[in-house]
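Hello,

Here is the structure we talked about handing over. The notes on what was found in it follow below the sequence and coordinates.

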Amino acid sequence: MKKYTLVAAAVALVCGTAVQAEEFSFAEAMKNGTAKISFRARYEGVDQDNIDKSGTAITNRTRLTFDSAKFGNWSFSIEMDDVHALVDDYNSTTNGNTDRPVVADPEGTDLNQAKLVYSNNGFTTVLGRQRVNVGSQRLVGGVGWRQNEQTYDAAAFVYKFNDAFSSTYAYIDNVNRIFGPVDGAQLADVRGDHHLLTADYKLNADHKFAFTGLLIDPSNNALAGVGTTTAAIDYTGKAGDFSWALGFATQSDDGENPTDYSADYSLFELGYKAGVVNLTVGQETLGSDNGVRAFQTPLATGHKFQGFADKFLVTPANGVVDTYFKVAGKAGPVALSAIFHQ
């Protein structure tokens, strides 16, 4: 099965007002906050071998954002998104066009963020609907490629000890996925008791270690299959013109998941900078438990990986081995890249 995707990610217009940082009362913080409006218009075309009709999506996202000024150690943010299809000859997953390829940008209006933030002496608490992006977003991310972003209803606690060490714990009550409300209810969301723990340690400017622990326990029986516990460790480093990334994770079923399994993940990547050109070769393996079930990443920014094809967002039972090579550089102000995936 092949999928070909052409994308023009177009224009963003931002306007607003801001004031210098001061301490305000709550009312003053609202009055002296920053208001923004942005527009993101995009064309995405898909020609897929096993579907006769092609997919054509011309969509626009309008985003309204308000960030308060700080009142004491507190601040507040709220953000609304509206996605509108100018041309909807595609399967948005909600528009009923099942005879066309999927472009997962359904129409709708959504509360993207509504968060209260407390910061003091390296400690930050974020309460409410918020972005949660961890590292490369291989396990937890916002799927920012899609017009409707994935955000999290969570209580997050972040501590930065110094420039070298930071840690985050987040209790997540709901994952607001990219599909938005379905039939008036958030059936596409992942409600439940989810826990995220991260720890990042920078040995020096060239070497960094990261740990991620993720427990997903859905309350919706229809989503019980994504109930998992995952532990991951990553290391990135560089020396001269060479850079590298190594990663390993292990995953097993949890909660009410009906499948008893365990599977591993690994990443090996090597980069070399040759003047203005960057060369990268790597292999990512999402392993399988003897074909019973493979390593899954239901909260990841999946589009970022495996060639943007969106064909393995649910890892096949036998797993996936992705070997890739990338050449990237600049021609004047234009950034260019070519990537091959097998």
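Please keep in mind that this is a predicted model. The volume of the largest cavity is about 30 Å³. Its lining consists of Gly 302, Phe 305, Gln 306, Ala 309, Asp 310, Lys 311, Phe 312 and Leu 313. Sorted by class, four of the lining residues are nonpolar, two are polar and two are charged.

Next, the strands. Strand β2 (residues 34-48) and strand β3 (residues 55-67) run antiparallel and are joined by 13 bridges. The two form a hairpin, with six residues between β2 and β3. Within this pairing, Ser 38 stands opposite Arg 63 in β3.

The other site I looked at is Arg 129, which lies in strand β6 (residues 123-130). Is Arg 129 buried or exposed? Arg 129 counts as buried because its relative accessibility is 16%, and the cut-off for buried is under 20%.

Leaving aside residues up to four places away in sequence, Arg 129 touches Asp 110, Leu 111, Asn 112, Gln 113, Ala 114 and Lys 115, as well as Thr 151, Tyr 152, Asp 153 and Asn 176. Among these, Asp 153 makes a polar contact with Arg 129, side chain to side chain, at 2.7 Å. Thr 151 is 22 residues from Arg 129 along the chain, and the C-alpha atoms of the two are separated by 6.6 Å.

Regards

Key. Residues are numbered from 1 along each chain as its sequence is written. This is a predicted model: local features need pLDDT of at least 70, side-chain atom pairs count only at pLDDT 80 or more; totals for chains, interfaces and linings use all residues. Side-chain values use heavy atoms; hydrogens and water are left out. On a 1 Å grid over the protein atoms alone, a cavity is a set of points where a 1.4 Å probe fits but cannot get out, and a pocket is an open set with protein on both sides within 12 Å along at least five of seven lines; lining residues have an atom within 4 Å of a point. Grid points are joined across faces, edges and corners, and a volume is the space filled by probe spheres set on the points. Ala, Val, Leu, Ile, Met, Phe, Trp, Tyr, Cys and Pro count as nonpolar, Asp, Glu, Lys and Arg as charged, and the others, Gly among them, as polar. Two strands pair if DSSP finds at least two bridges between them. Helices (H or I, at least four residues) and strands (E, at least two) are DSSP runs, numbered from the N terminus. Buried means under 20% relative accessible area, exposed over 50%, partly exposed in between (1.4 Å probe, protein chains only). Contact means heavy atoms within 4.5 Å. A polar contact is a pair of N or O atoms within 3.5 Å; within protein, one must be able to donate a hydrogen and the other to accept it, and residues adjacent in sequence count only if both atoms are side-chain atoms.
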